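Here is a friendly briefing to read alongside the model. Please keep the sequence and the 3D view open as you go.

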Amino acid sequence: MNIRELAMNRRRLLRLLGAGALILPGGSATTLRAFAEAAPPFDHAGLVEDFLEGFLRPATARFAAAAMGLDEAARAQCARPDDAGLGATTRAAFSSAALAYAPLDIVRFGPSHEAARPERLLLYPDPKGLVRRQVEKELAARAPSVLDAASLHGKSVALQGLPALEILLFAAPAGLPAEETQFRCGFAAAIAANIRRIAGDLDRDWRDESGFARLMRTPSADNPAYLDANEVTLGIAQTFVNGIEQIRDSRLAGPIGLRAVDKAPTPGILETAGLTLPYIVAGLEGLGALYGDGGIEKRVTTADHGIARLIGEEIETAAAAVRRAGTDLDAARKGEGRRAIIAAGFPLRNAQQLAAELITQAAGVTVGFNAGDGD
Amino acid sequence: MPAMAIDRRELLIGAAAALMTVRTAPSLAAASEPARFASAFAGEASGYGVGLIGGDLGIARTIAMPARCHDIAVRPGSREAVVFARRPGRFAVRFDLDGRAGPLELGAEENRHFFGHGVYTADGRLMLSSENDIAGGAGVIGIRDATGGYRPIGSMPTGGTGPHDIALLSDGRTLIVANGGIETDPNGRTDIAVSQMRSSLTAIDLASGALIDRQELKPDWRLLSIRHLAVAAEDSVVFGCQWHGAMTEHPPLVGITRVGAAPRMLDCPAMVTRRMRGYVGSVAVDSSGTLASASSPKGGLVAHWDIASGRFLGTSELADVCGLTGTGRAREILLTSGAGVTRRTMPDGDAATISPPEAHADLHFDNHIVWLGGAT
């Protein structure tokens, strides 16, 4: 019996225990049941602290710093638009900011969810090509309102984030007249300033000890977000479990053409900047950080040490597989690269299922089949 | 007299043996009675499928499916049904409730995907399904000829984006559509541009394809996505919503309306609404059309209302509960859960019955269950 078959069998036992089954075959079940009955109470409060201090706040700080660097680079470039070196610096700063955001892309609650921040920062998927169409429309109109970050913030979310900036920085035609280059630069600088603003707000709001962090730490009937500690734990657990699905199905499978409903693969996230695969690797590393530094592994290991370790290993196996595919998305759509990407899908699915069941068992919360469905 | 005592003892032993046989071979016993309910499931060992469930809540038969499925439409006047792939699925499967014919896979049309729900027209001639026009991002009702191999014969707009559940009114020609208002990434399940969402309930005249009514919730509840619905007595429509706004806000999640009227949210204790955590996974009306129920798998509860008075009746508690259906008995609802539990409940006060916890322990029932007719 290999480790996945072993995990499958143990998963079934965990489910039966969770469902309150009375008759269980085999000594393992007895051991697990005894373990469940003898296990110490789940440390919900400790998980919240690790989530905030070990994973989330370091990630928002990194993103805020990277966004500040992007803003400064874009402004410097606008001061000297003909300096090719500054253009390269801005593009590098863009990559740094995008990859710093990747671990946060899976967090969709609290300050991360407010004010349509995920869509303002990175509208994806964009099957109708809304970003490109709106950017081109603004470039044609030369409206001064897109040169100001404050007025840009009131416009369509498609104009405000990384994908719009990506078009301006990475898809500019050569030989544009100076006036147009200047306009594009001003537009790009306004988007960069808007990204810096949102990144700063995100970092500030997650650090605000009297804000959402307090709600996570003090669940009660009077708390408008969380009735009890189980709900807080469930929110963190679902961020991890749903994050795996988001990366696997939306970020990876569509662009590679593994689940394409059209004949051609769909555009990858930040594909024009050549960042699709690095962004996915950064997202998987973020998942690993959430699981480890964010305190999930530490708290599910009491239910089953082997499976708890396996979940982290599966995430790392998937990240290694995507790294093997390189950074060229076109190349990864065929041959060895494609095989490497396909190989990433299996451990992700396994990690998702194992995590849902182990958290259910360890924390006594239901990361349910239907509860996380979204339909 | 001694001989008679022996006879009675033998009779009792025989009766006990018969009971033992029923209890130790539930699948055989269940197989001998017609299925009363059907639900999609994911099995630990058996993969994805549809489970046909007997009146005793045992699994009578299963039909394998290529991927996770969602809701089931039962063809009137026949023993035929169609299960729809889960959003954004590209297939549906017609199957025979009695296993007399093999399943038939129905592929989505070019540039379309299913949203997981469908109905038949009252005469059973046409099958209607909620679908997405992928290129345009617009909701459509796909129309297929159920008498001709389920050949697609047309479509009509739903008047919104992201249509989910659909239902037919008693006139047989008015189709109600819950337009969730959110576009789905056809390559995954990611919602697109939620901040721009615009949900609605629309009514379509099937004879002409005309949109005869469109209802939206008040602006404060713009981020409520109307997903599921059920038709009650006198064609009132009960609908359930999912909240996409801040988790510190707790709008009501279940409402009722009629064609031509304004939607009205049902009163619900604040703590119950909070426990539902912004998420209704299914709604159902009992067989008398007077009881409405809405499940929240996130909250592990089902809330019940008396439709005539609008009075909140209470909750039934079950972890990861989602599937709901009337059972043929007035004021009774059957519940299913993602942990493989089936349970009957009568919210007016009668005792609930629940399947043994190990009965379907290796199955995760999907969001919906349907009653196939007959006494249960």
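This is a predicted model: local features need pLDDT of at least 70, side-chain atom pairs count only at pLDDT 80 or more; totals for chains, interfaces and linings use all residues.

Residues are numbered from 1 along each chain as its sequence is written, and chains are lettered from A and ligands numbered from 1 in the order in which they are written.

**The two chains**

- Chain A has 16 helices and zero strands, whereas chain B has three helices and 30 strands; helices (H or I, at least four residues) and strands (E, at least two) are DSSP runs, numbered from the N terminus.
- In chain A, 52% of the 375 residues count as buried, and in chain B buried residues make up 52% of 376.
- Buried here means that 20 or more other C-beta atoms lie within 10 Å of the residue's own; exposed means 12 or fewer, partly exposed is in between, and C-beta atoms are placed from the backbone.
- Taking contacts between residues at least 6 apart in sequence, 74% of those in chain A join residues at least 24 apart, and the figure for chain B is 47%; a contact requires C-beta atoms, placed from the backbone, within 7 Å.

**A four-stranded sheet in chain B**

- An open antiparallel sheet of four strands runs in the order β3-β2-β1-β30 in chain B; strands pair if DSSP finds at least two bridges between them.
- β3 (59-64) and β30 of chain B are the edge strands, each with a single partner, so one side of each has no neighbour in the sheet.
- On average, neighbouring strands of this sheet are turned by 25° against each other, direction ignored.
- Strand β1 (residues 37-43) of chain B is mostly covered, with six of its seven residues buried.
- Seven bridges link β1(B) to β2 (residues 47-53) of chain B in the antiparallel sense, and the two form a hairpin with three residues between them.
- Two places to look in this pairing are F37(B), whose bridge partner in β2(B) is I53(B), and F41(B), which stands opposite G49(B).
- β1(B) also runs antiparallel to β30 (residues 363-371) of chain B, joined by six bridges; in that pairing S39(B) has I369(B) as its bridge partner.

**A helix pair in chain A**

- α11 (residues 229-256) and α12 (residues 276-291) of chain A pack at about 165°, with their axes 10 Å apart; axes are lines fitted to C-alpha atoms, for helices over the stretch in contact, and angles run from 0 to 180 degrees between N-to-C directions.
- α11(A) and α12(A) are therefore roughly antiparallel, a label for angles over 145 degrees.
- The contact includes F240(A), I244(A) and I247(A) of α11(A), and I280(A), L284(A) and L287(A) of α12(A).
- Its residues divide into ten nonpolar, four polar and one charged; Ala, Val, Leu, Ile, Met, Phe, Trp, Tyr, Cys and Pro count as nonpolar, Asp, Glu, Lys and Arg as charged, and the others, Gly among them, as polar.

**A loop residue in chain A**

- L159(A) sits in the loop between α7 (149-153) and α8 (162-170) of chain A.
- L159(A) counts as buried because it has 25 C-beta neighbours inside 10 Å.
- Beyond its neighbours within four places in sequence, L159(A) is in contact with Q134(A), V135(A), E138(A), V146(A), L152(A) and A164(A).
- V146(A) is 13 residues from L159(A) in sequence and 8.5 Å away in space, C-alpha to C-alpha.

How values were computed: Two residues are in contact if their C-beta atoms, placed from the backbone, lie within 7 Å. Angles under 35 degrees count as roughly parallel, over 145 as roughly antiparallel, 65 to 115 as roughly perpendicular and the rest as oblique.
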